[in-house]
Amino acid sequence: MKPQSSKFKPRNTHLPDFHNDFQLFDDKNQTFFPHETGLSFYCSILYQICQEENIDFVLLSDDWLIKLTQNHQNRYIFGYKFGINDQTAGQIADDKYATYDALRHVNIPIIEHAVCYDKTNKKPYAKNRNTASYVAEYLHAHADHIVLKPSAGTCGQGVQQITRELEIPYALEKIFHQSFSAVMCPFYHILAEYRIVILDNLPRLIYKKTPTANQWKFNLKTGALAEDVQDEDLKQKITQIAIAAAQTLNLRFCSVDIIETTAHDFLIMEVNSGVMIRRFLKQHPEKYPLVKQIYRDAILKMFV
Ligand SMILES: Nc1ncnc2c1ncn2[C@@H]1O[C@H](COP(=O)(O)OP(=O)(O)O)[C@@H](O)[C@H]1O
Ligand SMILES: [Mg+2]
């Protein structure tokens, strides 16, 4: 029986929007076509894998939740998060400041972060770090050019450059609609951003992201282009950093974004415990077998 896709809109607007993408990849013809089950492109890949591996596949919770069953054992995929990572590890990756602190603690290179809280947060830990003037101080200490972003964010949403004090209150307001805390970072001049997908300490996919003209964010969602990385030394260098980060955070399946600055420093931008490869695949349909194999291995590992 084919799984039924929910007719309702996703209820959690903070999750990525794979629901908009009702397409299926045709293995034989190497093209995309509308999926007759109405499943999103992403869900349809997982569905195909489960059919091939004899795993029951049920969509729940407006399709955000996928229940997989084999030999009376249940496993779940929630959005892009596979039930293979330790829950605490996933929570650290979901919090940019916690990720920064955990990696910096063991000297893994990561861009500088400082945390700030909403002005309504009067808890002791937020003291002196819940005001616009605190952010202004950070701005002036960092050449009047910083980036403010939600500590729990994705796809570039709410990520804002700040160069003037008067931009701060609006930027904070926007962030605190979607996140409990915010992070401030100095602005880095980025030459390239690389994404490395790690599964059990092995690099499974590496690509370079380049923004299109008049974009400054290196997110594929905001129009960045993905391309292969050919340089083996470079691959080795970024892979080492990515594996060290995954090991430190205790993440089995994750993606690590690493920037190369104009000064040729390599620094982690962020770590994601959800592995989203859909937009990459749209740009590179020839990688479909590889991506499917990565997801297949992650699913099979959930049942080991
Ligand atoms: N401190 C920074 N300096 C320069 N660019 C940044 C900085 N922080 C974020 N960016 C840009 O914004 C993009 C999105 O930021 P990121 O921290 O990855 O958040 P998200 O989780 O929303 O993708 C990055 O890929 C990068 O291109
Ligand atoms: Mg990012």
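**View 1. The shell around ligand 1 has 10 nonpolar, five polar and five charged residues.** Nonpolar here covers Ala, Val, Leu, Ile, Met, Phe, Trp, Tyr, Cys and Pro; charged covers Asp, Glu, Lys and Arg; polar covers the others, Gly among them. The model is predicted: local features need pLDDT of at least 70, side-chain atom pairs count only at pLDDT 80 or more, and totals for chains, interfaces and linings use all residues. Residues are numbered from 1 along each chain as its sequence is written, while chains are lettered from A and ligands numbered from 1 in the order in which they are written.

The shell holds 20 residues. V147, C185, Y188, K217 and F218 are the closest. A residue is near the ligand if its C-beta atom, placed from the backbone, lies within 6 Å of it. Strand 8 (146-150), strand 11 (190-199) and strand 15 (266-272) each give at least two shell residues. Strands (E, at least two residues) and helices (H or I, at least four) are DSSP runs, numbered from the N terminus. Domain 2 (87-110 + 189-272) and domain 3 (114-186) both contribute to the shell, so ligand 1 lies between them. The domain bounds come from an automatic or database domain assignment.

**View 2. Two hairpins share strand 4.** Strand 3 (residues 56-60) and strand 4 (residues 65-70) run antiparallel, joined by five bridges. Strands pair if DSSP finds at least two bridges between them. L59 faces I66 in strand 4. Four residues separate these two strands, and S61 in the turn has a positive phi of about 50°. Strand 4 also pairs with strand 5 (residues 73-78), antiparallel, over six bridges. Here I66 stands opposite I77. This hairpin has two residues between its strands, and N71 takes a positive phi near 45°.

**View 3. C155 and N250 are non-glycine residues with positive phi.** Most residues other than glycine have a negative phi. For C155 the value is about 60°. C155 sits in the loop between strand 8 and strand 9 (160-162). For N250 the value is about 65°. N250 sits in the loop between helix 6 (232-249) and strand 14. C155 has 15 other C-beta atoms within 10 Å, so C155 is partly exposed. N250 also has 15, and is partly exposed. The cut-offs are 20 or more other C-beta atoms within 10 Å for buried, 12 or fewer for exposed, and partly exposed in between, with C-beta atoms placed from the backbone.

**View 4. A263 lies in the loop between strand 14 (253-261) and strand 15.** A263 counts as exposed because 8 C-beta neighbours lie inside 10 Å. A263 and L191 are 72 residues apart in sequence. Their C-alpha atoms are 8.7 Å apart in space.
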